Each structure stands twice: as structure tokens, then as C-alpha cells.
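Today I wanted to look up a few salt bridges, some helix packing and a bit of surface.

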Amino acid sequence: MTETLILGAGIVGLSSALALQERGHSVALLDRQQAGMETSYGNAGIIQREAVEPYNITHHLPTLLRYGLGLTNDIVYHWRDLPRLLPALATYYRYSEAGKHAEISKTYAQLAYRATRDHAPFIDASGAQDLIRRDGFFSICRDQKAMDAKALEADYLQTHYDVPLRVIDGQTLAKEEPAITTQLAGAIHWCDSWSLTDPLALTMAYKALFVRRGGQLLQGDAMSLTPEGAGWAVTTAEGKITASDIVIALGPWAPDLLERHGYRLKMVWKRGYHKQYDVTDAPTRPLHDFANGVVLAPIGDALRIVTGAELTRRDRGVNLKQLRHGLNSARQILKVGEERPDDVWFGHRPCLPDMLPMVGAAPAHKGLWFNFGHGHQGLTLGPTTGLILADMMEGSAAHWTRALMPQGRSVLAH
């Protein structure tokens with residue numbers, strides 16, 4: 001019998017495995033395909049130290065109206081899918097009320113404060129230092145009105161959470177990012193966030209470190225999980241494997257497995273897309289073009305355009321609306337060339353309506369542990385929640401992490 005089996009080999013599952021290995025635990029990882037090829041692959045490659053408040057649903061009626069009329073690119077939706085999505089969205093909206101969101105952010109900020117610090121030992125041990133840019137990223141502002149509004153938001157974050165940042169004008173931005181071809185009003189420079197030259201390569205480096213430390217990688221279907229004796233059993237390509245402890249790190253697929261074991265979980269799946277393009281004079285760091293709902297990230301020798309959120313069923317086909325808008329807006333400020341021949345990627349960000357990842361012991365099953373629901377911040381928070389989970393499994397978690405535990409969470413019913 002294996003001591004601990006982790007279901008899901010994305011960045012959250014791998015980080016959980018590394019954290020447990022460091023404590024001397026025997027760990028195996030199971031995934032249905034190669035590690036890191038799902039949600040962990042499709043991101044913009046930013047470890048967002050500045051992300052101290054989770055993304056909420058605005059209660060600003062004019063903005064909601066713009067969303068409803070389809071006038072923005074950061075969020076799109078489909079009327080036909082709303083009946084199925086509304087229960088989770090309604091809960092998400094309630095938790096987004098200003099007072100509730102402020103309370104949630106107190107816990108969320110504790111996670112964000114640790115993000116780069118918790119990645120650093122794994123980066124060093126895996127030899128992945130060359131993948132990391134430690135010079136932050138820019139939220140660009142195309143006009144002065146946007147610049148003034150963004151500067152106010154930045155001042156709030158700096159004052160309330162001590163987030164390191166710079167507010168820079170268009171001239172300074174042009175000097176620091178000469179790849180930008182158009183004069184912009186300025187930018188917010190989020191100084192302490194890190195970015196990756198290749199997000200998949202970091203996941204592969206963490207996987208290689210896990211194997212070097214004696215970890216076992218298995219291919220199989222997490223949905224085959226069943227109780228067996230004092231533990232659990234899963235069917236793999238090599239046959240049945242049993243474990244005393246199971247960690248569910250399945251991201252957007254966690255509700256599917258939990259339903260089989262009597263748990264009903266509310267989740268909002270925010271679909272995101274990316275496509276990569278040839279680029280002349282790539283930016284030196286990612287550019288968050290918030291007005292157009294995209295991140296323009298230099299990945300390898302290409303420019304990756306990463307979209308905001310599409311609210312749709314997971315089984316819906318590809319919708320290129322956000323990518324087309326993002327490409328047109330990118331070509332207004334950068335020398336973007338032809339698309340790369342790889343397919344359009346899309347995946348689903350697993351957002352819990354109360355906006356906190358779910359980390360801890362299952363309420364009604366001994367030996368079953370949760371670590372999922374990171375929303376947009378799986379890459380950012382993977383090592384942090386992995387280390388917190390290891391503390392919880394050893395009975396030594398900090399008091400503030402109780403807010404992450406499944407017990408009492410209204411988004412989970414049994």
C-alpha cells in the first residue's frame with residue numbers, strides 16, 4: 001500500500017507531492033495524461049505576488065450592464081448555458097459583496113504573501129532558475145482616464161496590503177518596454193511578481209524533481225477511486241494501487257469525482273484560451289492589457305495571448321471571439337506576426353464561489369484530502385497550498401488556514 005496518492009499532476013498536485021516528500025512521506029502521483037498538460041499548461045506564466053484579493057463579481061451596475069450587453073472582452077457568456085451556471089454564479093455574487101469580499105481577502109492575502117517565497121525552494125531544487133524572470137509585469141493603461149483609475153486601485157493595494165509597485169508614465173514605459181510601438185498613458189509595475197519563460201517547463205522541472213526524490217508517476221483514471229479496507233484504491237495502467245491517504249488535486253474535475261462520493265460542490269468554470277504568435281521585438285515581461293481582457297506574455301520565442309473568462313459549459317466547443325479581439329488589440333501596440341501552427345488551447349479555471357481554495361480533510365471520509373479550487377491562481381498558489389496541506393496532514397496547520405478547510409464551507413454539501 002502506498003502512503004499517499006495524489007490525484008492530479010498539475011502544478012497543485014506536483015507541489016503537494018513535493019511538500020509531502022520533504023516531510024519524509026512516500027508519495028505517488030496519478031494523472032490521466034502527461035503531468036501539467038491541463039490547466040497548468042495554459043496560463044500566462046505569472047506568479048502573482050500582487051494578487052492579494054481574489055477576483056470577485058462586480059456589484060457596480062453599469063459594469064454588469066456592459067457584461068450583459070457583451071461590450072467587454074474580459075468576460076463573455078452564453079445565454080443558453082446560464083440556467084446551469086446560475087446557482088454557482090448567484091453564490092459567487094453573494095460572496096462578492098464588499099464586506100464579505102474584504103473578509104475573504106484577509107485570508108487570500110496571506111496566501112499571496114507567500115507565493116514567490118514558497119516557489120523559490122522548489123525552483124532551486126529543480127534547477128529551474130533560468131525559467132524565472134524576477135522583474136514583475138506591467139498593467140498597461142492606454143489613456144489617461146484608465147491610468148488615473150488604475151493608479152487609485154494600486155494606491156489602495158499598496159496602502160492596505162503593502163504590495164510593492166510603481167506607477168509609471170508613458171515615457172518611462174516606452175523606455176523600459178521599447179517593444180511597445182504606440183505611446184500609452186502609462187502602467188502599473190507590479191514589482192515583486194515573477195514570470196516564466198515557459199510555464200510547462202517549470203511543471204516538468206517539478207515533475208523531474210519529484211521522480212528524483214523517489215516519487216512514483218502513474219497513469220490512470222481518478223474517477224475509479226473507491227474505498228477499500230482502511231484505505232483507498234484506484235485503477236492505473238499498471239493495475240490497482242491502494243493508498244492510506246488520497247489527495248484530490250483535480251482542479252476543474254474535482255466536482256465530478258466528489259459527486260461519486262456523496263459531495264455536492266458548487267464551482268464556476270471560467271474558460272480561458274491561449275494562442276501563440278510570432279513576434280518581432282517581444283516585450284521583456286508580460287503585459288496585462290486589462291482594457292482588452294488579455295495578457296500578452298513572452299513565452300519562449302513567441303507571444304502568448306491569454307484571454308479572460310468565458311462562462312460556458314465545459315463540453316462546449318471552441319469560441320474564438322476573445323482571442324480575435326485580443327489579437328487585434330495586441331497588434332495595436334506590438335509587432336505581432338503570424339500565428340504558430342499549434343492548436344488553440346483552452347481550459348477551465350476552477351473557481352469556488354467563496355473565492356478561497358479548498359484545502360484540508362474531507363468532512364465525512366477518513367484519509368481523503370482536498371487541494372483544489374485555486375481559480376486563476378493555481379500556478380501562483382500551488383506550492384503554498386501544498387505546504388499548508390502537508391501541515392494539515394501532520395496536524396500542525398496555522399490557525400488562519402481554517403478558512404480554507406472544507407468543514408463549514410457553504411459551497412460544499414454532503
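This is a predicted model: local features need pLDDT of at least 70, side-chain atom pairs count only at pLDDT 80 or more; totals for chains, interfaces and linings use all residues.

I started with D256, which is partly exposed at a relative accessible area of 26%.

Next I checked what D256 pairs with, and found a salt bridge to R314, with the closest N and O atoms 3.0 Å apart. The two sit in distant parts of the chain, 58 residues apart: D256 is in helix α8 (residues 254–260), and R314 is in the loop between β19 (309–311) and α9 (321–330). R314 is partly exposed too, at 27%.

Then I went to R340. Buried or exposed? Buried, I noted, with a relative accessible area of 18%, since the cut-off for buried is under 20%.

R340 meets D278 in a salt bridge, 2.4 Å from N to O. D278 belongs to strand β15 (residues 268–280) and R340 to the loop between β20 (335–339) and β21 (345–351), so this pair ties together parts 62 residues apart in sequence. I put D278 down as partly exposed, at 32%.

D301 also forms a salt bridge with R340, at 3.2 Å from N to O. I found D301 in the loop between β17 (294–299) and β18 (302–307), 39 residues from R340. D301 counts as exposed, at 58% relative accessibility.

On to helices. How do α4 and α7 pack? Helix α4 (residues 98–125) meets helix α7 (residues 199–212) at an angle of about 70°, the axes being 9 Å apart. That makes the two roughly perpendicular. On the α4 side I listed H119, F122, I123 and A125 as the contact residues, and on the α7 side L202, Y206, L209 and R212.

I then looked at α4 against helix α10 (residues 378–393): about 90°, with axes 7 Å apart. These helices are therefore roughly perpendicular to each other as well. The contact includes Y108, L111 and R114 from α4, and L379, P383 and L387 from α10. H119 and F122 of α4 are also among the residues touching α10, and I already had both down for the α7 contact.

Last, the surface. I found a nonpolar patch of about 310 Å², made by L65, L69 and L71. L69 sits in the loop between α2 (61–68) and β4 (75–77), and I noted L69 as exposed, at 56% relative accessible area.

Key: Residues are numbered from 1 along each chain as its sequence is written. Side-chain values use heavy atoms; hydrogens and water are left out. Patches are made of residues with over 30% relative accessible area and no salt bridge: like charges are joined within 9 Å, nonpolar side chains (Val, Leu, Ile, Met, Phe, Trp, Tyr) within 5 Å. Accessible areas come from the Shrake-Rupley method with a 1.4 Å probe; for residues, only the protein chains shown count as cover. A salt bridge is a side-chain nitrogen of Lys or Arg within 4 Å of a carboxyl oxygen of Asp or Glu. Helices (H or I, at least four residues) and strands (E, at least two) are DSSP runs, numbered from the N terminus. Buried means under 20% relative accessible area, exposed over 50%, partly exposed in between (1.4 Å probe, protein chains only). Axes are lines fitted to C-alpha atoms, for helices over the stretch in contact, and angles run from 0 to 180 degrees between N-to-C directions. Angles under 35 degrees count as roughly parallel, over 145 as roughly antiparallel, 65 to 115 as roughly perpendicular and the rest as oblique. Contact means heavy atoms within 4.5 Å.
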